[in-house]
Amino acid sequence: LHHFQIQTTRLERDKAEIQYQNLINHLNPHFLFNSLTSLNSLILTSPKEASSFLKKLSVIYRYILQNKDSELVSLQDELTFTQHYIDLQKTRFDTGLQITMNISPAYLTRRIVPVTIQNLLENAIKHNIISDDSPLQIRIYTAAETLFIMNTLQPKGFVETSNKQGLASLKSLYGYLSRRQLGMTKTATHFTVAVPLLQPHTI
């Protein structure tokens with residue numbers, strides 16, 4: 001019975017990891033398409049900015065390729081990667097996207113699943129209206145051994161590329177990596193995801 005329980009747990013964890021990998025594969029082409037569209041515009045109007053944009057895009061995909069088989073990465077590495085991603089999105093949305101970070105240095109060595117923050121930011125961008133008149137505000141901060149990603153709610157009427165299993169897959173994977181669960185809270189004005197920051201020895 002104990003052996004059967006172990007096998008069942010492994011199968012469920014493998015399923016969660018496959019679901020999360022499918023989420024990454026689903027988001028990457030969508031992100032790449034939008035990035036190439038922005039890059040094409042920059043090439044015509046600002047070649048120097050286009051060069052900088054391309055370098056950041058290459059850093060993003062290098063990070064994804066390097067960590068696609070990693071179970072966990074440091075919060076420091078994830079935040080460095082995230083900043084490049086934010087820079088590209090700011091090029092696309094300008095003042096329509098407002099992202100602030102408040103990260104305690106004490107948590108930088110903690111571990112999270114690779115591209116967690118990117119996926120949550122992409123989810124917020126994909127599902128909400130973004131404009132200069134109605135900027136999407138996202139706050140990334142740490143508290144109580146947890147990373148919070150909170151965005152204002154201004155939902156689109158229709159999301160063409162929505163993957164409703166994305167957050168569920170991410171929550172399932174964290175459930176197998178830690179006793180602490182990934183949490184989600186929705187109010188009338190905000191949507192918040194709470195990501196447990198894991199100890200380095202969790203790997």
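Axes are lines fitted to C-alpha atoms, for helices over the stretch in contact, and angles run from 0 to 180 degrees between N-to-C directions. Helices (H or I, at least four residues) and strands (E, at least two) are DSSP runs numbered from the N terminus. This is a predicted model, in which local features need pLDDT of at least 70 and side-chain atom pairs count only at pLDDT 80 or more, while totals for chains, interfaces and linings use all residues. Residues are numbered from 1 along each chain as its sequence is written, and side-chain values use heavy atoms, with hydrogens and water left out.

View 1. Helix 2 comprises 21 residues, 47–67. From first to last C-alpha it reaches 30 Å, close to the 30 Å expected at 1.5 Å a residue (1.5 Å times one less than the number of residues). The residues A50, F53, L57, I60, Y63, I64 and N67 are buried. Seen down the axis of helix 2, the buried residues fall within an arc of 145°, so they line one face of the helix; the arc is that of the directions from the helix axis to the C-beta atoms. The face turned away from the buried side carries exposed P47, K48, K55, L65 and Q66. Buried denotes under 20% relative accessible area and exposed over 50%, with partly exposed in between (1.4 Å probe, protein chains only).

**View 2. The crossing of helix 2 and helix 3.** The two axes come within 10 Å and cross at roughly 140°. Helix 2 and helix 3 are therefore oblique to each other (angles under 35 degrees count as roughly parallel, over 145 as roughly antiparallel, 65 to 115 as roughly perpendicular and the rest as oblique). Their crossing is left-handed, that is, the near helix is turned anticlockwise from the far one by less than a right angle, whereas clockwise is right-handed. Contact (heavy atoms within 4.5 Å) involves residues including F53, L57, I60 and Y63 of helix 2 and F81, Y85 and L88 of helix 3.

**View 3. Helix 3 against helix 4.** The axes of helix 3 (residues 75–93) and helix 4 (residues 116–127) come within 8 Å and cross at roughly 25°. These helices are therefore roughly parallel to each other, and their crossing is right-handed. Among the residues that meet are L79, Y85 and F93 in helix 3 and I117, L121 and I125 in helix 4.

**View 4. N119 in helix 4.** N119 lies in helix 4 and counts as buried at 5% relative accessibility. Its C-alpha atom is separated by 9.3 Å from that of L170, 51 residues apart along the chain.
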